[in-house]
Amino acid sequence: MLRIILLGLIFFGATKQVSAQSRFEKDLFKTKEDNLEITFLGHGTLMLSYQDKTIHVDPFGEIADYNQLPKADIILLTHEHFDHMDLQAIDTIKKEDTSIVLTEICAEKISGGTIMRNNDINVVKGLEIEAVPAYNIKHERSAGNPFHPKGNGNGYIINFAGLRVYIAADTENIPEMKDLGNVDIAFLPMNLPYTMTPEMVADAAKMIKPKILYPYHFGDTDTKKIIDLLKQEKNIEVRIRKLS
């Protein structure tokens, strides 16, 4: 009887976790080695599953119940703002051997992580990860005080057996985007006043030329605008998912 109860509890826990994940949209991509599954949790928050690894990007507890999601093998933190560096959410999904990739400012509050600066490249649990600039040029809190100063935050390019995924983080259409190299999938933020207008995202997309563009972290911005702005770019597929 005890065994039956224990098995029932294990099954219930697994079912609960599956149910929690099923409410989120997912896309699947084939690579040379395995499938990459991207789960769109919302806001600036993503979960990527590849081989036997789960990668959480900017976990944020207001978006998802992390008690019901897979633990992280890798956590990527783009910058220190509360909706990108939620300490409680990080503690919930962190395992003993979780690798945390973060900025210098994030490291002031989280110990034991791997600090990456703009243009650094590291191999983390077998995945090549490149940190790239993410900052504001135009949008400011006050004169001379951008929402995201240059050098503070990272975007990340993750190489999945040749499939390169660019998660831009909170940024504008900065000139460094011209030098990112081949990008297969790009996540570009579109929430005002902190990041980009649809017009700025369109400009960024034309610089990067991803095969697939996901606007993300877009708040109340009308996503139809970016579709219209890029309708002549036949080599860029714009996909809209629940990432407000």
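## A buried tyrosine to start with

Tyr214 sits at 0% relative accessibility, so it counts as buried (under 20% relative accessible area; exposed is over 50%, partly exposed lies in between, with a 1.4 Å probe and protein chains only). Phe187, also at 0% relative accessibility, counts as buried too.

## What kind of model this is

This is a predicted model: local features need pLDDT of at least 70 and side-chain atom pairs count only at pLDDT 80 or more, while totals for chains, interfaces and linings use all residues. Numbering starts from 1 along each chain as its sequence is written, and side-chain values use heavy atoms, with hydrogens and water left out.

pLDDT is the predictor's confidence in each residue, from 0 to 100. The protein chain has a mean of 91, and 91% of its residues reach 70 or more. Residues 14–19 are another story: pLDDT stays under 50 there, and the model has 4 contacts for them beyond four places in sequence (a contact is heavy atoms within 4.5 Å).

## The sheet

An open sheet is built from 7 strands in the order β8-β9-β12-β13-β14-β15-β16, with mixed pairing. At the edges stand β8 (121–124) and β16 (237–238), each with a single partner strand, so one side of each has no neighbour in the sheet. Strands here are DSSP E runs of at least two residues and helices are H or I runs of at least four, both numbered from the N terminus; two strands pair if DSSP finds at least two bridges between them.

Strand β15 (residues 212–216) pairs with β16 in the parallel sense over 2 bridges, and Ile212 stands opposite Glu237 in β16. Helix α3 (residues 198–208) lies across β13 (163–167), β14 (185–189) and β15, running at about 155 degrees to β14. Axes for that angle are lines fitted to C-alpha atoms, for helices over the stretch in contact, and angles run from 0 to 180 degrees between N-to-C directions.

## Aromatic pairs

Rings of Phe, Tyr and Trp (its six-membered ring) pair if their centres lie within 6.5 Å; planes under 30 degrees apart are stacked, over 60 edge-to-face, and the rest tilted. That rule gives 7 aromatic pairs. One of them is Tyr50 with Phe160, edge-to-face at 5.1 Å centre to centre and 65 degrees between the planes. This pair links distant parts of the chain, with Tyr50 in strand β3 (residues 45–50) and Phe160 in strand β12 (residues 153–160), 110 residues apart. Both Tyr50 and Phe160 are buried.

Phe187 and Tyr214 are stacked, at 4.8 Å centre to centre and 15 degrees between the planes. Phe187 is in strand β14 and Tyr214 in strand β15, 27 residues apart. Ring pairs also link Phe40, Phe187, Tyr214 and Tyr216 into a cluster.
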